[in-house]
Amino acid sequence: MNLFRLEEHMKRWPLFFETVDDYVMSVADWGSVFSASMFRQRLEPDFLARAPVYVEDYRRALKAKSQRTPAPDRILSTVMFTDIVDSTGQAARAGDTMWRSQLERYNDVVRTRLEHFDGREVKQTGDGFMAAFDGPTRGIQCASAICEAMRGVGLHVRAGIHTGECEVIGDDLSGIAVHIAARLAEAAAPSEVLVSRTAKEAVTGSNISFDDRGKHTFRGVPGEWPAYAVSA
Amino acid sequence: MEVLAVRWLFPGQEVSVESRCLDCGERIRIRMRDEDILEIDPPDAVGYMPSPFTGSRMGSGAFN
């Protein structure tokens, strides 16, 4: 048995993700599963003949006691945020009717592109969208397509993309990776797609090119984060 | 498993085992007597064991 001082220590263990399907319990619970009497049975002369019975006993004891550590609800995902630049100003300039029409167009464009690039709409965030992709290439292509399409109708959209582990809460994603993607979108220039170094390096060889946008500090996120703009 | 199994070899006697956390290397101490676990330090210590009923991991189970 491998012992850990705390459950968190076990989760840090390099082999944790290979072993999570197996049995994890508090030492106290293991103590009751592997009782002294269970082991003393091995001294009985007919132990081997009765082994199948003991296995069943053991299986039942495990089933009764086991409180498996739930699999970590974390997945590696590419998170994309889109945002309409200066939406208040653009709404004022467009007027209510035109603005509503542009918003409908924006929603249609985003959802069409998400479908095309196999993205999943996680939620709408005011004038923006949060979406998730299996990989950064499709996320970057999707964000670029959205920005380009909206620029064609006179609406400037910006996007941020980061690839990292996210916590899964129902259909929603959360965690630092999500915050980083959101902050990248905030930092992007009009019609720009800004990606993290993680996302950039993950698409090496995809023929997507980037311009260095320097290091950024993001509110609520520790450290400095290099950002890269997707080149046209 | 052996950390908990050792107690049946010493009926009626207190058995103390000191081990190390596989992650941080800090001490884990377990005191037992027969069926009773007298002390676990730290109390939140957990144990992981591959399932003896998982075919792909046969050879690492409780009955080896």
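How many residues of chain B are in contact with chain A? There are 30 of them, and they meet 29 residues of chain A; two residues count as in contact if their C-beta atoms, placed from the backbone, lie within 7 Å. Before going on, keep in mind that this is a predicted model, where local features need pLDDT of at least 70 and side-chain atom pairs count only at pLDDT 80 or more, while totals for chains, interfaces and linings use all residues. Residues are numbered from 1 along each chain as its sequence is written, and chains are lettered from A and ligands numbered from 1 in the order in which they are written.

So what does chain B bring to the meeting? Strand 4 of chain B gives the largest share of the side that touches chain A, with 4 residues. Helices (H or I, at least four residues) and strands (E, at least two) are DSSP runs, numbered from the N terminus. Strand 4 of chain B also runs antiparallel to strand 1 (residues 2-4) of chain A, joined by 3 bridges; strands pair if DSSP finds at least two bridges between them. Look there for A:F4, which stands opposite B:V46.

Now over to chain A, which has 10 helices and 10 strands. Strand 9 (residues 210-218) and strand 10 (residues 221-230) of chain A pair in the antiparallel sense over 7 bridges. A:F218 has A:V221 in strand 10 as its bridge partner. This hairpin has 2 residues between the strands, and A:G220 takes a positive phi near 80°.
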